[in-house]
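Some labels used for packing in a protein model rest on cut-offs.

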Amino acid sequence: VYGKYLSESGRTLFGVLLSDSSNPFFGALADHLRDAVYGSGAELIIASSGGDLCRERQILDMFVDLKCRGIFSCVPVLPEQKDLFTRYPLPIVSLAEDPGLEDIDSVLVDNRAAGRQVAKHLLGCGCRSFAYITTEDHTEQDPRLRGYREQLLQKGISLPEDRIGILPGSSTNARDLAGFVHSLLDRVDSQANTLPVGIFCEHDLLAVEVIGAVRRYRRRNYQIPEDIMVAGFDDLPVAPLVQPPLTTVSYRYAAIVENAYKVMADRLSDPEHRPVRLEIPSSLTVRGSTKSCL
């Protein structure tokens with residue numbers, strides 16, 4: 001109803017498509033987008049699909065009906081959705097996700113470099129074995145994992161498939177995560193010279209759950225960071241509050257949004273605009289979940 005009112009008011013509208021509105025990362029992006037757009041006199045219509053592909057299609061259709069000028073998308077483009085996004089009539093700028101489509105602009109973190117950065121830090125801290133935990137089911141295309149593996153391989157260390165935890169769905173499932181972590185620690189417990197273990201998580205919410213899962217492991221009282229080191233991604237507000245505080249990849253959310261809005265403005269004003277892929281640099285904020293050894 002509010003969207004229809006805005007559409008009929010004659011204001012410039014932009015749509016924002018989220019996969020999970022409860023995730024603080026997407027909330028932060030939406031807040032920064034709201035500031036950027038309001039400053040130009042435009043309005044945002046924000047909608048979340050909850051990971052439902054049918055709902056995603058409905059939202060995109062709604063944005064067309066509301067006469068939005070363009071769309072900021074924060075959802076991954078799955079293979080079954082590529083045709084929808086390729087044929088979509090409105091300009092799309094993808095935020096924090098690589099759509100893998102030539103006709104869509106994207107602004108995201110340099111994930112591959114970030115993965116290398118985390119591996120370098122954990123290696124420098126003396127970790128002898130490593131793991132990676134994600135909610136993605138297409139790890140062969142995961143640039144964070146790729147960078148992480150590349151840096152480890154430079155030191156002659158492989159990352160076997162049984163050290164990669166892939167959780168079902170897009171949200172954090174504490175039971176599935178604890179199952180992987182405890183299985184990992186069982187293997188560590190039965191092998192010599194495997195400590196400390198470095199665990200890199202796709203995002204901070206997973207890392208927080210990993211810290212809890214390590215504490216609940218009963219066979220041995222592993223300590224963080226002496227035995228197990230944990231690193232996350234996004235530097236969410238929870239990262240410095242968890243105990244021990246979380247080491248995480250950080251970057252300027254505002255930089256993603258500012259660049260995305262510039263790209264959208266250029267696409268709308270320049271008939272010769274060519275889609276771009278901009279990567280924002282990141283840094284590693286080292287806290288107590290790993291050792292300060294860089």
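**Aromatic pairs and a helix contact**

Q: How many aromatic pairs does the model hold?
A: In this predicted model, the count comes to eleven aromatic pairs.

Q: Why is the pair of Phe 14 and Tyr 261 called edge-to-face?
A: The ring centres are 6.0 Å apart, and a pair needs centres within 6.5 Å. The planes of Phe 14 and Tyr 261 stand at 75°, and over 60 degrees counts as edge-to-face, so the pair is edge-to-face.

Q: What makes this pair a tie between parts apart in sequence?
A: Phe 14 belongs to strand β1 (residues 13-18) and Tyr 261 to helix α9 (residues 253-269), so the pair joins parts 247 residues apart in sequence.

Q: How do you know whether Tyr 261 is buried or exposed?
A: Buried means under 20% relative accessible area. Tyr 261 has 19%, so Tyr 261 counts as buried. Phe 14, with 4%, is buried too.

Q: What makes the pair of Tyr 217 and Tyr 222 stacked?
A: The planes of Tyr 217 and Tyr 222 are 20° apart, with 5.8 Å centre to centre; planes under 30 degrees apart count as stacked. Both Tyr 217 and Tyr 222 are buried.

Q: Which residues do ring pairs link into a cluster?
A: The cluster consists of Phe 25, Phe 26, Phe 233, Tyr 251 and Tyr 253.

Q: Why is α5 called oblique to α6?
A: The axes of α5 (residues 111-124) and α6 (residues 143-154) cross at roughly 40° and come within 6 Å. Roughly parallel needs an angle under 35 degrees, and roughly perpendicular needs 65 to 115, so α5 is oblique to α6. The crossing is right-handed.

Methods
Residues numbered from 1 in each chain as written. Predicted model: local features only at pLDDT ≥ 70, side-chain atom pairs only at ≥ 80, totals over all residues. Heavy atoms only, no water. Axes fitted to C-alpha atoms, helices over the stretch in contact; angles between N-to-C directions. Helix = DSSP H or I, 4+ residues; strand = E, 2+ residues; numbered from the N terminus. Parallel < 35°, antiparallel > 145°, perpendicular 65-115°, else oblique. Left-handed = near helix turned anticlockwise from the far one by under 90°. Buried < 20%, exposed > 50% of the residue type's maximum accessible area, 1.4 Å probe, protein only.
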